[in-house]
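Let's take a walk through this structure together, looking at its aromatic rings. Keep the 3D view open as you read.

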Amino acid sequence: AKKAAQSRAGASYNIALQDAEMGKVVTGFPPEPSGYLHIGHAKAALLNDYFAHDLYKGTLLFRFDDTNSTKEKQEFQDSITEDLDVLGIKPDKTSYTSDHFHTLYEYCARMIKEGNAYADDTDQKTMRDERMTGKASVRRNRTVEENMAIFEGMIAGTQLQNCIRAKISVDNPNKAMRDPVIYRCNHTPHHRTGTLWKAYPTYDFACPLVDSLEGVTHALRTTEFADRNPQYQWFLECFNLRKVHIWDFARLNFKRTFLSKRKLTKLVDASRVWGWDDPRMPTIRGVLRRGMTISALRDFILKQGPSRNITLMDWTIFWNINKKEIDPIAPRHTAVDQKETVRATIIKQGPEKAYTEERPRHNKNPGLGTKKVAYSSHLILDQEDAKLFEQDEEITLMAWGNAIVPKINRSSLDFRSPVVDIELELHLEGDVKKTEKKITWLSTEGQSLIPVELVDFDYLLTKDKLEEDDNWEDFLTKQTEFRSAAFCDANLAACKTGDIIQLERKGYFRVDAPYKDGKAAVLFNIPTGKTR
Ligand code: ATP
Ligand code: MG
Ligand code: MG
């Protein structure tokens, strides 16, 4: 969290909030504790933070919008608090919509008494059809007494069939204005208020009232809520409450994944992923576990800015920003695939005995210090490299020098068959600029090689953008996890969980589990924006 605060992106946009006064702007980020935060939420949270703190030196409120006990949990609530902290966002105040349940109950009762709301037990489908066709509910003209009695029954838990609807309009061209539901029954215990309430305000009803009551001056909402803006203002007018400015911004969408807690919950529940922090998940935890840095995540999101143009983001841009961040600071290591490893013996000019040398961890960043590199006449190489060698070719052993390949033993006479072992003649006088093949190698003597498991992942979805009528479950990628084994230089033994390294010629990796008690370290491949 400290690190994120230091590397604040210092974003600035040519955008001002309406009627904003320096020091007096209050924004609010209202997540529902119904899942872990995804990178779309990070955008909403960072924009609220930007306007409140960076631009207007005002106040950032953070409110758990916990009005649906069926979907919400303490675990989600705790993770949201932690993830905001990880992003370096420091709200000035934290609250809960559930703190206001009694007040909201009173506001609803008042609406009923003033003839502005009614109880309705029309079944869901009929209600939806009536809303679509602009038809009044048969319950629309119940008496205040009848409505109040039903509402009290809903609160007491004796009444289950009804909901309460605001009496706004039957046929307003904006369907969000057609008598929206403001209270509904739910007998699932609430993670904060337990069984105290048997009916809860809806988001549509609670959000404007609580925003206004808590002092929000500017509510930032994603554009898909724009149809509901008049409704938001209607509730405030209904109670003569302080007006709140609404600022709409574009939601963040990414190719080949979904930013929806509902769908992500299904993946977790069906064990399609290991959990909310799975490196394939577009959650804040997921992308950090995959190897995104906090500052690159902030930079990326803040670069999107508060525009209203909805775009479908490509992951390559996301990971490319990260690559620029990690490349100068990722220590370099060497790994050789365990599959079909090729043994190389230096038969001429090689060292008689193994020795080690201190070499820079990063050629361009001396600040990273040095590592031990072991040299001997017994090496292992990748099959991928060795199978391309030609007899008597001169190659370069990276960070050592040139060598000639006088002998190549293959598993059969066929020149395409795998190489089993080769012989080398070290030729350190050779010009490394003249060779075509610069290859990775590890000495099997003078160090203990560290076994590592390399894990790569594919996107969750097979299609860039799901259409409205696509059944998303049909587009889940079948295999999204790919594992391979490798040996790594001895320096890897000191790497800890969370370290980001580069394996020369193999890419960037994040250590998910360190080497311990002889068990292979687990390294996640970090996309660079080139492939995925
Ligand atoms: P989800 O569908 O994933 O559950 P939500 O909007 O229902 O999203 P909330 O917890 O209510 O989830 O969201 C908190 C805030 O985050 C809201 O203001 C919402 O507009 C914003 N938000 C959610 N998804 C995105 C997104 N993809 N891009 C930008 N902002 C988002
Ligand atoms: Mg929501
Ligand atoms: Mg949602």
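**Charges over rings and rings in pairs**

Start with Arg280, which sits over the face of Trp274, 5.0 Å from the ring centre. A charge counts as over a ring if NZ of Lys or CZ of Arg is within 6 Å of the ring centre and within 35 degrees of the ring normal. Arg308 lies over the face of Trp247 too, at 4.4 Å from the ring centre.

A word on the model: it is predicted, so local features need pLDDT of at least 70 and side-chain atom pairs pLDDT 80 or more, while totals for chains, interfaces and linings use all residues. Residues are numbered from 1 along each chain, and side-chain values use heavy atoms, without hydrogens and water.

The structure holds 33 aromatic pairs; rings of Phe, Tyr and Trp (its six-membered ring) pair if their centres lie within 6.5 Å, and planes under 30 degrees apart count as stacked, over 60 as edge-to-face and the rest as tilted. Trp234 and Phe235 are edge-to-face because their planes stand at 85°, with the centres 5.5 Å apart. Both Trp234 and Phe235 are buried (under 20% relative accessible area; exposed is over 50%, partly exposed in between, with a 1.4 Å probe and protein chains only).

Tyr355 and Tyr375 are stacked, with 5.0 Å between centres and 10° between planes. Tyr355 belongs to strand E15 (residues 355–360) and Tyr375 to strand E16 (residues 370–375), so this pair ties together parts 20 residues apart in sequence. Strands are DSSP runs of at least two residues, numbered from the N terminus. Tyr355 is partly exposed at 33% relative accessible area, whereas Tyr375 is buried at 2%.

Conventions:
Chains lettered and ligands numbered in written order. Helix = DSSP H or I, 4+ residues; strand = E, 2+ residues; numbered from the N terminus.
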